[in-house]
Amino acid sequence: MKNNTKPTTQFYEALQNAYDAFNHALFEGQLDNSLITLQRRANTFGYMSYNRFISIGDNQTFTHELALNPEYFGVKPLVEILQTMVHEMCHLWQMQYGKPSIKTYHNKEWAAKMESIGLMPSDTGRIGGKKTGQNMGDYPIAGGRFMAVSNELHSQGFIVAWYDRFKPKNTTNQGMLNDKTFAET
């Protein structure tokens, strides 16, 4: 039997809808559109690459890359995929309107923006971690704007309908259970 679904359209439309919702609600629609890509990069949930792509029709027209690592889609709660997207959107905000630090460093300005939209920066990805540094995670602030938008997306039926069926290296069942438990609190 032939499968008539269009996974590319289904997958990327969902991600674009989430990007648009977060841009509107958390960044007042100020962020440029970005080309959302899937990239498998070891130990990375996602990254932002400013002006990474150029238009074939106009060599003065650029767009940014917001890359998400699909290896984690099947092992992390959906809210963490959305956190990664918004984390990278904060990098774009800083590139457009702030003063970014050296490559991959998460400075105080970036951390303040994260907190203002409802994500707590944390070098451990958990409560009590440092707010700035080289390798940063984050977690939702209870009652914050990020969770309000995420909950609204969820109530509208938002899902990422496709995920990698193989676990990334160093992913354990206990780690996945811990992430799920943390996401539910």
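The following exercises, with worked solutions, concern a predicted model.

**Exercise 1. Helix α1**

Determine how the span of α1 compares with the expected value, which residues of α1 are buried, and what they pack against.

Solution.
Step 1. Helix α1 runs over residues 7-27 and has 21 residues. From its first C-alpha to its last it reaches 29 Å, close to the 30 Å expected at 1.5 Å a residue.
Step 2. The buried residues in α1 are Phe11, Ala14, Leu15, Ala18, Tyr19, Phe22, Asn23, Leu26 and Phe27. Because they cover an arc of only 165° around the axis, they lie on the same side of α1.
Step 3. The packing partners of these buried residues are the strands β1 (34-38) and β3 (62-68), together with the helices α2 (78-97), α3 (108-117) and α4 (145-155).

**Exercise 2. Positive phi values**

Locate Glu28 and Asn43, state the phi of each, and decide whether each is buried or exposed.

Solution.
Step 1. Glu28 follows α1 and is found in the loop between α1 and β1. The phi of Glu28 is near 55°, a positive value in a residue other than glycine.
Step 2. Exposed means over 50% relative accessible area. Glu28 has 53% relative accessibility and therefore counts as exposed.
Step 3. Asn43 is placed in the loop between β1 and β2 (46-54). Although Asn43 is not a glycine, its phi is positive, about 60°.
Step 4. With a relative accessible area of 70%, Asn43 is exposed.

**Exercise 3. Aromatic pairs around Phe11**

State how many aromatic pairs the whole structure contains, and classify the pairs of Phe11 with Tyr12 and with Phe73.

Solution.
Step 1. A search of the whole structure gives four aromatic pairs.
Step 2. The ring centres of Phe11 and Tyr12 are 5.5 Å apart and the planes are at 80°, so this pair is edge-to-face. Phe11 is buried, with a relative accessible area of 8%, whereas Tyr12 counts as partly exposed at 30% relative accessibility.
Step 3. For Phe11 and Phe73, the ring centres are 5.8 Å apart and the planes at 20°, so the pair is stacked. Phe11 lies in helix α1 and Phe73 in the loop between β3 and α2, so the pair ties together parts that are 62 residues apart in sequence.
Step 4. Phe73, like Phe11, is buried. Ring pairs link Phe11, Tyr12 and Phe73 into a cluster.

**Exercise 4. A charge over a ring**

Identify the ring over which the charged end of Arg41 sits, and give the distance from its centre.

Solution.
The ring is that of Tyr47. The charged end of Arg41 sits over this ring, 4.0 Å from its centre.

Note on methods
Residues are numbered from 1 along each chain as its sequence is written. This is a predicted model: local features need pLDDT of at least 70, side-chain atom pairs count only at pLDDT 80 or more; totals for chains, interfaces and linings use all residues. Side-chain values use heavy atoms; hydrogens and water are left out. Helices (H or I, at least four residues) and strands (E, at least two) are DSSP runs, numbered from the N terminus. The expected span of a helix is 1.5 Å times one less than its number of residues. Buried means under 20% relative accessible area, exposed over 50%, partly exposed in between (1.4 Å probe, protein chains only). The arc is that of the directions from the helix axis to the C-beta atoms. Contact means heavy atoms within 4.5 Å. Rings of Phe, Tyr and Trp (its six-membered ring) pair if their centres lie within 6.5 Å; planes under 30 degrees apart count as stacked, over 60 as edge-to-face and the rest as tilted. A charge sits over a ring if NZ of Lys or CZ of Arg is within 6 Å of the ring centre and within 35 degrees of the ring normal.
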